[in-house]
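The following paragraphs lead the reader through a structure of two chains, beginning with the terms that the description requires. Please keep the sequence and the model in view while reading.

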Amino acid sequence: MAQRHHNMNKISSYIRRKLSVKVSLWVVMFAAVIFIAALGIFFYQAREAVRQEAINRATQILDKTSLRVEGILNRVEVATDMTQWLVQRHPNNPDSMFVYSQGMLLNNPDFYNCSIAFEPYYFKEKGRYFSAYTKFDLDSLRTIQGGSDYYQYFYMDWYLMPTLLDRPCWTEPYMDFDVSTNSYEMVTSYCQAIKDNKGRKIGVINTSLSLNWLSQTISGVKPYPNSYSIMIGRGGTYFVHPDTTKITRQTIFTQTLEQPDTAMTALGHAMQRGEQGIKRMSINNEDCYVFYKPLGKTGCSMAIVCPEDDIFSGFDRLRRAVMSMVIMGLFLMLFFFIRIITRELSPLRRLALEAETIASGQFDAQLPELHRTDEIGQLSNSFADMQQSLVRYMGELQDTTAQKASIERDLHIASGIQMGMLPKNFPTYPDRDDVQLFASLVPAKEVGGDLFDFYFHNEKLFFCIGDVSGKGVPASLVMAVTRSIFRTVSARETEPHRIMTTMNQAMAEMNQTNMFVTLFVGVLDLPTGHLLYSNAGHDAPLLIAEGVETLPCDSNIPVGVLPSWSYTRQEAQISTGTTIFLFTDGLTEAMNADKEQFRQERVDAVAAQALEQRSYEPRQLIAQMTQAVHQFVGDAEQSDDLTMMAIQYIKKQDDPDIHKTLVLSNDIQQVPRLNDFVQEVCADVHTPAPLAMQLQLAVEEAVVNVINYAYPPDTTGDVNIETIASDTQIQFIISDSGTPFDPTLQPDADTSLSAQQRPIGGLGIFLVRQIMDTVAYRHDGTHNILTLTKTLKS
Amino acid sequence: MTFMRQAAYLFFLLVMVVAAPLAAASDDTIVFTPQWTAQAQFTGYYVAEAKGFYREAGVKVRIEHPSATQPAMSRLRANECQATTLQLCQALEIVDGGIPLVNILQTSMNNAMVIVSARDKDPLTQKGARVGIWSVGFGQLAICMSNKDHLDYQWVRFAQNVNLFVSGALDATLAMSYNEYYQLLQAGIQMSDKNVYRFCDHGYNVQEDGVYMTRAYYNQHREQAHRFAEASRKGWEWAAQHPEEALDIVMQYVNKGRIATNRVLQRLMLTEVLRLQADRESGKREFRLRPDMVRQASRMMHENKMLSREVTYEELTENESPQ
C-alpha cells in the first residue's frame, strides 16, 4: 500500500515535471470527455432503437400467433354453433346426435373430438347417461356413447361452465390420455349449452381442439438465442415452458408461494386478466423483458421472455468494439502527442542546460543555434540578447564594485581621521585632582556628524559637544570644520557665548549647504568650579550631584543658521563632586525595533540610578548609559550618531582660614576702614609686611575706583569687599551694584608719563595687575564683580 | 386424465354404498389403497413402505393407488385391496349404508375443510351463492353448516380441480386446507382472513382421514391389521421428524404416478397435514378416533338427514361385537 502510494507520488511528480506529458494528458483528457459524451448519446439512442426493435419483433410474433389461434378458434365456434342449431332443431332423436357429432369431425378433420351430452335421463330409453362422442381413432372416426358410471360427464367443467357462466365458453386446457396412441394430448374444449324451446338446458355440445400444434408453435418462438416462450392457462398453469417438468405441474405462481416475487406475481395476474404488455423484470437473477398477450378466447396467455443480454448482445458487441477502438485511439494520441511535443520542446531543454551553465558563472557559454521563427526561436534570440546584456552588465558591475571598494577605503581612512580629531586622553583622578572627564562617540555610519572636544588652558577647562545636521560624509566635514573653528576661536575668547557667536558668524558665512550644528560650549573655571556656558540649540546637559537636574539653558538657534545671532551667556557654580553629563540626541532618540525612542526620561532614570549607586564617575556613567541604550535598542540598526561626555568636578576646595566681609558706602572717607580691614586679613595669614602693603595698595586702588566711578555722582551705593584667605592664596572679591564697568578692559596706563599727566584710573588698574596674580571681572546682571587673586608663596 | 381420476373416486364411493364385498383376501398381503392419487396426504404410508417399517413389522403391504381403469372400491370388492383411507364423515355414511368398517388408524385430529370465496367476500355474507363441492361426497359438514346458518348455498358438484372456481363460474368453493387451498393460491387467487372460512374455527372441528378395513376382513386378520397400523404410525412419526427426506419419498411416488403437482405444493401439503395431526387440546399427535367428534359428526349428519341413524364410536372401533 505504502509502496503504491509512493509510486503514485513518483508518477504525479513526473507528470508535473514533464510539460509534454502534462499538455498531452490535458488534450487526451479533453478528447476523452468529448468522446464519452458523444458516444454516451449515441449508445443511448442506439440502445433505445434496439429495444424498440425487440418490442416490435416480439409484438409481431405474439400478434401472429394470437391471430392464428383466433382463426382456428373461430372455426370451432362457427362449426359448434351450426351443430347446436341442428341439435336444437331436432332434439328428440338421440341417434341423430351420433350423426351430428360424427359430421362435425368429418367436416373438420383438424378438430380433436366432439361430444353432444344430455342431462341425466333426458332420453328415458338411454338411461342416466347419454353423450354422443366422436374421436379420431388413428385414421378412422370412432363414434360411441361416452357417458358411464366411470365418466359422469355432468360433473365435468366443460358440462358445468356454459350453464354457470350462461354463455358458450372455452375450458382450461387439459391433458387427455389417448389410449390408441398411448400419449397425452393437450386439449381445450369449446362448450355450448343446448336448450329446449322453453329455454331450459337439456345438454351441452362440446368440441375439442388439440393444442399440440399451438404448444409446438409457441415453444419454437425464439426471437433471440436465449429467449423462450411460455403459455399459461387461466389458473396460471404452465402449458408451454422450456422446463418441461413444469408443464401442467406448476403455475406461474408456484415459486412465489415459497419466495415472494412481486414482479412475477404481477406478471401472472396481468396475464390471467388477459392483458397485453411488456414487463422488465428479473427471472432467475437475470434481467429480462417479458412480452405477453392473451391467446384469443382460450383464456390462455402467451409470453416471450427475452434476456436483456440477449436483446442487446449485438449492441454490446458493437459498443465494446467502439469503446476499445476509442481507448486505443486515445492511447495512441497520448503517445504521439508526447513524442511530438517532446521533439518540439527539445531546444528548450538545451536552452535550460545552457542557462544553468550561464548561471554557474560561464557568461560566455555558447548558445545553441536555432533556426526557428516560432516562440521557441524568439525565446532563444531573447536569451542570446540577455546573455550579451549580462556580460556587459557584469563588466559594469565589476567596475562599480571596484569604485565602491575605493570609496569604502577612503571612508575608512576618513573615519580614522575623524576619530583622530577627537581627544583621546581623558584626564582622570590620579593625573588631575580637579576634574575627571570621559567621552564616547559612536557614529551610525563610517563617519559621523557628532563632535565633542575639550582642552585645558589657564586653569580652565574648555569643552564643547555638538551635533551636525544630517549624517555621513557631509556631516563629518562640517563636524571637522566646527571642531577646528572651536579650537581657533576659543584660543582667543574665554567667554563661551563669545566663542559661540564668533563660530556662528564664521560658519554661517561659509554655509552654502544649509547645514547647521547644535552646540554646547562650556568653560569651567577649575579653581573655583565656576562654569560659564552657552547653548546653541543643543540638548541641555544633566547635573548629577545631590540629585539629577537639568542645567538651565536659554533657547538659542543652532550654529550656522543666522550669522547675526547673538548667543547668550549663562553661568553656574559647580560644586565639588558634581558630574556634568552632556549628550547628543543620538541618545534620547535611539530607537528599538518597534520604532520606540529611548527618550529623556530613560536618560534621567539611568542617571538617577547611577547616582543612587554612587557610580557617576564619568567612565562608569558613560558605560552604564551605553549599556542601557544597547539593551533598549537591541538588534535594531543604530539610527544616529551617539555621543556622550561626562565631566566630574572633583576639586577639593581648601577651607579658607579667613573669610571676612566688609561693606563700605561709596564715600572716600571709608578708605581707612578698608585699609584696616586689609591689614587685619594680611596679619591673619601672616603675610610679610611688604606684600601686605602692596595688597593694601592694590585693593585700595580697586575700591577707590569703584567708590569714585561706580555710582553716578550724588547717589549712595554699597561697595562690598569679601576676603577669602588661606596660607596659599588670598582673594578679594569686590562687588557693587553700580554701572557695569569692566576695569580690566581699560588700557594699561602709560607709565612713561608722570602721575599728574596720566588719566585717572589708568594707573590704578595697571598697579592692580602688577601686584595681583589674576584680575577677573564679571557682571552677574546686577553686580560688577571684580576678583583679585594673589597666590602666596609659602 | 384429471377427470378420469375423479371418476374413479365417484365409482369407488358408489360401490362402497351399493355393494358389500366381504370376501377376504386369500393372500396375507395387505393391499392398501389411499383414497386419492399420490400426494403428501399419504406420506406416512409411503415412508413406512420405503423405509421398510412394514417389512420390519412382519406385514406384507403393497400400496396401490386407484387408477382410471381400476377404481379403488372395485379393488376392495374384488379383494384386490384390503385397506383404504376415508374421511370420518364418509366412513359414517358407508357404515350407515350397511357396510361395517373398522378404523384401524386415525391420523387426522382436526378438520381441514375451508370455504374460499371469490372477490374478497366473506362466505358468511354470500347467501344463495353458488358453491363448488366435490362430487365424490366430501363436504357433509358444509351442507350442515349451510343449513344451520340459513345460507342456502347452491351446491355445484364438480369432479375436477379448482378450474371452475378460477374461471369465475362459481362464487365460492370448498377446499381442503392442505390441497385445494394451496392449488388456489398457486392459481393466483388471493387469500385473506375475510374470504376464507375455516370450519374448524366455527364449531365443526371433526377429524378426517383414518385407515379403514371392512370388519369382515379385520376380524380375520387382526394381528396383521395391528402391525400394519403400527408401522404406518411409525411412518408418520418418522415423516414428522424428517420432513425433507419424507418429501423425497413422496416425490418418488408422485413421479411414478405422473401426478400434475410439484414439490412446492407437496411440501406445503405435508406441513399442513402434519399440523392437522396434532390434537388441538393436547398438542400431540394422538392417532386416535375421538368419541366426541364421532358423536358430533354423527348427530349433525343425522339431523341433516344424511344418516338414517346415529353411527356410534363403538361401531367404528375394533372391539365392537359383531351385530
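A residue is called buried if 20 or more other C-beta atoms lie within 10 Å of its own, exposed if 12 or fewer do, and partly exposed in between, with C-beta atoms placed from the backbone. Helices (H or I, at least four residues) and strands (E, at least two) are DSSP runs, numbered from the N terminus. The model is a predicted one, in which local features need pLDDT of at least 70 and side-chain atom pairs count only at pLDDT 80 or more, while totals for chains, interfaces and linings use all residues. Residues are numbered from 1 along each chain as its sequence is written, and chains are lettered from A and ligands numbered from 1 in the order in which they are written.

Helix 5 of chain B, residues 88-96, is mostly covered, with eight of its nine residues buried. The buried residues are Leu88(B), Cys89(B), Gln90(B), Ala91(B), Leu92(B), Glu93(B), Ile94(B) and Val95(B). Just after this helix, Gly98(B) adopts a positive phi of about 110°.

Strand 10 of chain B, residues 210-214, is likewise mostly covered: five of its five residues are buried. In a regular strand the side chains alternate between the two faces of the sheet. In strand 10 of chain B, Gly210(B), Tyr212(B) and Thr214(B) lie on one side and Val211(B) and Met213(B) on the other, and both faces are covered. Two strands pair if DSSP finds at least two bridges between them. Strand 10 of chain B is joined to strand 3 (residues 83-86) of chain B by three bridges, and the two run antiparallel; Thr85(B) has Val211(B) as its bridge partner. Strand 4 (residues 101-106) of chain B also runs antiparallel to strand 10 of chain B, with five bridges between them, and Asn103(B) stands opposite Tyr212(B).

The description now turns to chain A, which holds 18 helices and 27 strands. Of its 794 residues, 34% count as buried. Five strands of chain A form an open sheet in the order 14-15-16-17-20, with antiparallel pairing. Its edge strands are strand 14 (450-457) and strand 20 (570-573) of chain A, each of which pairs on one side only. Strand 14 of chain A is connected to strand 15 (residues 460-468) of chain A by eight bridges, and Asp450(A) stands opposite Asp467(A).

Elsewhere in chain A, helix 2 (residues 19-89) and helix 9 (residues 313-359) have axes that come within 9 Å and cross at roughly 165°. Axes are lines fitted to C-alpha atoms, for helices over the stretch in contact, and angles run from 0 to 180 degrees between N-to-C directions. Angles under 35 degrees count as roughly parallel, over 145 as roughly antiparallel, 65 to 115 as roughly perpendicular and the rest as oblique. Helix 2 and helix 9 of chain A are therefore roughly antiparallel to each other.

How many residues of chain B are in contact with chain A? Taking contact to mean C-beta atoms, placed from the backbone, within 7 Å, 30 residues of chain B are in contact with 30 residues of chain A. On the side of chain B that touches chain A, helix 1 of chain B contributes the largest share, six residues.

Definitions and conventions
Contact = placed C-beta atoms within 7 Å.
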